[in-house]
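Me: I have a structure open and would like to go through it slowly with you. Could we take it one topic at a time?

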Amino acid sequence: MSVVARQGFKYSIIGYMGFLLGTISAIFIFPNDFEFYGKLRYILPSAEFLVPFVVMGISYSNVKFFHTVEKDGKEQNMLSLSLLVVFINFIIFLLIFFILPYLYPKFRYTEAWKAKEIILPMVLILSFCTIFNKYTSNYKRIVVSNIFDNLFPKIANLGAFCLFFYFTLSQNIAFAFFFGMFSLMLFGYIYYTNKLKKINLDFSTDYFKKNNFWKEFFNYSFFGFLGTFGNYLAINSLMIGEFMGMEENGIYAVLYALISLISIPQLGLFNVSAPIISKNLADGDMEGLDRFHKKTSLSLYFLGAVLFSCIMVGFPFLTHFMPKNGVMLREYEPVIWIWGSAVLVDLATGFNGNIISLSKYYKFNIVVMLLLAGLTISLNLYFIKNTDLKLIGIALSTAISLTTYNVIKIIFNYVMFKVSPLTIEMIFVSIICTLAITVAIVLPNFNNNFINLLYKPFVVLLLIFIGNYFTKVFPIEDYLNKNFLKSVFKFK
């Protein structure tokens, strides 16, 4: 496990930097104006939600068939035609978008229609970026792509917000900066791709017509397209912005930044685990896969539970150090409890989805992804229209759909592969963390909120460490030693 942990850390350094930038901004800067931040957080997820309808899974085929076309010297032909098809798809998408108001007049009153001047160009730029991202991954160069994907969006959000709030410039100027960062990202991708291997545009279709290769290419693309609908975060942002307002969307985005802290142990891990999963599946070593699955899932769950426990006891005091709107976040504290618990369940299931994706049953992943999207949309609509729970309802919707999604995958993997992420140790982890949270909450508070912010999480960490010392559910000593820390910072 330590090898996987070290490799995951090295792979994710840029991701951590972007994560830290986004989280610090969300806690200390964006709460100054939830409404404007909500607009920013509506534009990007809306564009991301629409991108699959333009890309149509072609980016996945650029990975799947790369080595085949590279042997024939046609990788530039594949890239060129992929970009051309994406552009044609975008033109068709535009026609449908502008015809839609005539078929459904209420569409003119949606936030998506009002922000179309920036959302639609964003869709085209992000679609091209998606193609270049997958294409360059074939050369096993991931650091630059990681910079584009993790840092640029964070800088775009932070820069646009600061221009509007701190420099009191107009929204249009702030949006122009926001859009400019993604335009720069596209030019960066083009430059980097050209640096890896000079781009020679080749729009000939002869190679793809040979042996009906285009059919295989587009069939795989279509299944990739169907598998992109499980982005419940984009769905939530879109629906909150449309039905509740931009202020609530801003609050939701800040709460998400806090909750995503729980997922830190997950960053980069699945990418380095994939070769191990593939080898176990190829060798038919289900016992080895089951052991690896359980070990990894327990590690993710334990580390996530520790972070979740600290957030739970520290959040009420953290809000006192946020800008004036921090009190609004305190009102939505149940969102963190509900949504955070769902994220913990997700961590406990480990790389369930990766096992399915890397097996011959990969199409089943598409089915459950569609289920996740459908369930999220349906439950969101129910809670929005039939209750007054607002963001708490969205949290419940997310928790129900995400947990259902994970339970289905657990059952499927157990039936098909006889592997499961669940262990008895997870129950002990849950008991230890619950007791630690309870003790920290009932202990008296000091008059100084900064002391409380440090003291309560420290009590939690101390109690968890003591509980783990006696139960031995997680080998902390494997991680808190000189050799491990030295190996982490060796970049060979």
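Me: How many salt bridges does a search of the whole structure find?

Reply: A search of the whole structure finds 6 salt bridges, and please keep in mind throughout that this is a predicted model.

Me: Take the one with lysine 197, then. Which side chain does lysine 197 meet in a salt bridge?

Reply: Lysine 197 meets the side chain of glutamate 75, with 2.4 Å from N to O. This pair links distant parts of the chain, since lysine 197 sits in the loop between α10 (171-196) and α11 (206-209) while glutamate 75 belongs to helix α6, and the two are 122 residues apart.

Me: And is glutamate 75 buried or exposed?

Reply: Glutamate 75 has a relative accessible area of 3%, and because buried means under 20%, it counts as buried.

Me: What about lysine 116, which residue does it meet in a salt bridge?

Reply: The side chain of lysine 116 meets that of glutamate 117, and here the N to O value is 3.6 Å. Lysine 116 counts as buried at 16% relative accessibility, whereas glutamate 117 is exposed, with a relative accessible area of 56%.

Me: Where do lysine 279 and aspartate 283 lie?

Reply: Both of them lie in helix α15 (residues 269-283), 4 residues apart, which is about one turn of the helix. Lysine 279 forms a salt bridge with aspartate 283, and the closest N and O atoms are 2.9 Å apart. Lysine 279 itself is exposed, its relative accessible area being 53%.

Me: Let's switch to helices. At roughly what angle do the axes of α16 and α23 cross?

Reply: The axes of helix α16 (residues 286-318) and helix α23 (residues 449-471) cross at roughly 155 degrees, and they come within 8 Å. Angles over 145 degrees count as roughly antiparallel, so α16 is roughly antiparallel to α23. The crossing of these two helices is right-handed.

Me: Which residues of α16 and α23 meet there?

Reply: On the α16 side they include Phe302, Val306, Cys310 and Phe317, and on the α23 side they include Leu453, Lys456, Val460 and Ile464. Taken together, the residues of the contact of α16 with α23 divide into 11 nonpolar, 5 polar and 1 charged.

Me: And α6 with α8, how do their axes cross?

Reply: The axes of helix α6 (residues 75-103) and helix α8 (residues 116-137) come within 10 Å and cross at roughly 160 degrees. That makes α6 roughly antiparallel to α8, and the crossing is right-handed. The residues of this contact divide into 17 nonpolar, 3 polar and 2 charged.

Me: What about the phi of asparagine 211?

Reply: Asparagine 211 also has a positive phi, near 55 degrees, and it is a residue other than glycine. Its place is in the loop between α11 and α12 (213-226), where it counts as exposed at 72% relative accessibility.

Me: Last topic, contacts. What does isoleucine 235 touch?

Reply: Leaving aside its neighbours within four places in sequence, isoleucine 235 is in contact with Phe49, Phe229, Ala373, Thr376, Ile377 and Asn380. Isoleucine 235 lies in helix α13 (residues 232-243) and counts as buried at 3% relative accessibility.

Me: And which residues does alanine 399 touch?

Reply: Not counting residues up to four places away in sequence, alanine 399 touches Ile338 and Ala342. Alanine 399 is in helix α21 (residues 391-417) and counts as buried, at 13% relative accessibility.

Note on methods
Residues numbered from 1 in each chain as written. Predicted model: local features only at pLDDT ≥ 70, side-chain atom pairs only at ≥ 80, totals over all residues. Heavy atoms only, no water. Axes fitted to C-alpha atoms, helices over the stretch in contact; angles between N-to-C directions. Parallel < 35°, antiparallel > 145°, perpendicular 65-115°, else oblique. Left-handed = near helix turned anticlockwise from the far one by under 90°. Contact = heavy atoms within 4.5 Å. Nonpolar A, V, L, I, M, F, W, Y, C, P; charged D, E, K, R; others polar. Salt bridge = Lys/Arg side-chain N within 4 Å of Asp/Glu carboxyl O. Buried < 20%, exposed > 50% of the residue type's maximum accessible area, 1.4 Å probe, protein only.
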